[in-house]
Each structure stands twice: as C-alpha cells, then as structure tokens.
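Subject: Structure for your review

Dear colleague,

Please find below the structure that I am handing over to you. My notes on what was found in it follow directly after.

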Amino acid sequence: MTLNRLFITFGGSGLSPKAPGTVGSFFALIVGVALLQLIPMQTFFMLTLFITIVGIFEINKYEKITNTHDDKSIVIDEVSGMWITLMFAIASANKMSYEYAYEIAIIISFGAFRLFDIWKPSIIGKIDQKVKGGVGVMGDDVVAGLAGGMLTVILLEAFKYIFN
C-alpha cells in the first residue's frame, strides 16, 4: 500500500467492505479522543487543518492516477469532518457541570456528524454534487463537521437542563 493510499484511507479503515465512511468516522473519533488526551485543543485544531489541506492534494493525486472521483475507500475527509465536530463537542462539554457530559458529547458528536455526512442537506449536498477534486471530497465533510458540531452544542445545552 502506498503512503498516499494509507493516508487517504486513514490507515486502511476506509477499506472496510461495509460502511467505509462510518468505519472511518469511528476510527477518527477514537484517534481524535485519544489525541485530545495528549495535545491541547489548539494543536488538535492545527492538526485538523493540516490534514484537511494535505487531504485535498492527496485526493487530487489519487483521483488523477485512478481516474475516479470520491472513491468510497477515501475516508480522510471523514476524519477532518469528525474532528471538527469533536472539537465543538469537547469544547462545549468542558463547560458543562453535569456528570458524563464528556462521554455524552463524544457519542452525540459521532451521531451528529454521521447524520449530516449521510443526509447531505443544503450546501453540503451541493458541494458534494458540484465541486470536483479534493476540494469537493473534503469540502462537504468540513461543512458537515461544522453542522454536526453546532447540532452537538445545541443538544448538549438541552441535556444541561435535563441533568441539572
């Protein structure tokens, strides 16, 4: 496996025969949570930005070589989107005082990101359909990550009233 393929499949998680996007998102969640135990949020943000930018170029290379667009095994876009949602979730959970806020935030972030990544409402779907190359592949997931993050914050705020 080439380094390009290893990167865009996020260590091979995108090679899952069933639901590669969900599998890639789940692995991204696990790695993201682990990284946030080791590095500050600002560094995690910079890492996410770096992966997003490099992902655009690496996807462009892969698509040129294979003459394909948005191959199902490409999940580096899910990594970027999941990590964006996770940043919203963890930042919000850190301000919550109720028990298990951190764990609830992690679970909600996964569901919220997958909801927007699969459903592709509004601008997310337009990016997916109309923007070609690495920008299109990464772009819809970045916006899905932002939408998932906002939904996560709203739900965590709602849970605050339930648990307090």
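This is a predicted model: local features need pLDDT of at least 70, side-chain atom pairs count only at pLDDT 80 or more; totals for chains, interfaces and linings use all residues.

Leaving aside neighbours within four places in sequence, Leu29 is in contact with Met82, Leu86, Ile106, Ser109 and Phe110. A separate, second core, made up of nine residues, includes Ala89, Tyr98, Ile104 and Ile108.

Leu29 itself belongs to the largest nonpolar core, which has 28 residues. Leu29, Ile59, Ile74, Ile76 and Leu86 are the residues with the most contacts inside this core. Two or more residues each are given to it by helix H2 (20-38), helix H3 (41-66), H4, helix H5 (101-119) and helix H7 (133-163). H4 provides the largest share, eight residues. As general background, nonpolar side chains in soluble globular proteins tend to be buried together.

Helix H4 spans residues 76-93 and includes Val79. Val79 counts as buried because its relative accessibility is 0%, the cut-off for buried being under 20%. Beyond its neighbours within four places in sequence, Val79 is in contact with Phe10 and Ala28. Val79 and Gly55 are 24 residues apart in sequence, and their C-alpha atoms are 9.9 Å apart in space.

Phe7 is found in helix H1, residues 3-8. With a relative accessibility of 24%, Phe7 counts as partly exposed. When neighbours within four places in sequence are left aside, the contacts of Phe7 are Ile51, Val54, Gly55, Glu58 and Ile76. For Phe7 and Ile51, 44 residues apart along the chain, the C-alpha separation is 9.4 Å.

The aromatic residues may also be of interest to you. The structure holds five aromatic pairs. One of them is formed by Phe10 and Trp83, in an edge-to-face arrangement with 6.4 Å centre to centre and 85 degrees between the planes. Because Phe10 lies in the loop between H1 and H2 and Trp83 in helix H4, this pair ties together parts that are 73 residues apart in sequence. Trp83 is buried, with a relative accessible area of 2%. Another edge-to-face pair consists of Phe26 and Phe110, with 6.1 Å centre to centre and 85 degrees between the planes. This pair links distant parts of the chain, since Phe26 is in helix H2 and Phe110 in helix H5, 84 residues apart. Phe26 counts as partly exposed, at 42% relative accessibility.

Finally, I turn to helix H6, residues 122-130, where Ile124, Gly125 and Ile127 are buried. These three residues are on the same side of H6, because they cover an arc of only 160 degrees around the axis. In general, an α-helix has 3.6 residues a turn, so residues three or four places apart point the same way. The buried residues of H6 pack against H5 and H7. On the face of H6 turned away from its buried side are the exposed residues Ser122, Gln129 and Lys130.

Yours sincerely,

A colleague

Definitions and conventions
Residues are numbered from 1 along each chain as its sequence is written. Side-chain values use heavy atoms; hydrogens and water are left out. Helices (H or I, at least four residues) and strands (E, at least two) are DSSP runs, numbered from the N terminus. Buried means under 20% relative accessible area, exposed over 50%, partly exposed in between (1.4 Å probe, protein chains only). Contact means heavy atoms within 4.5 Å. A nonpolar core is a set of buried Ala, Val, Leu, Ile, Met, Phe, Trp, Tyr and Cys residues joined through side-chain atoms within 4.5 Å. The arc is that of the directions from the helix axis to the C-beta atoms. Rings of Phe, Tyr and Trp (its six-membered ring) pair if their centres lie within 6.5 Å; planes under 30 degrees apart count as stacked, over 60 as edge-to-face and the rest as tilted.
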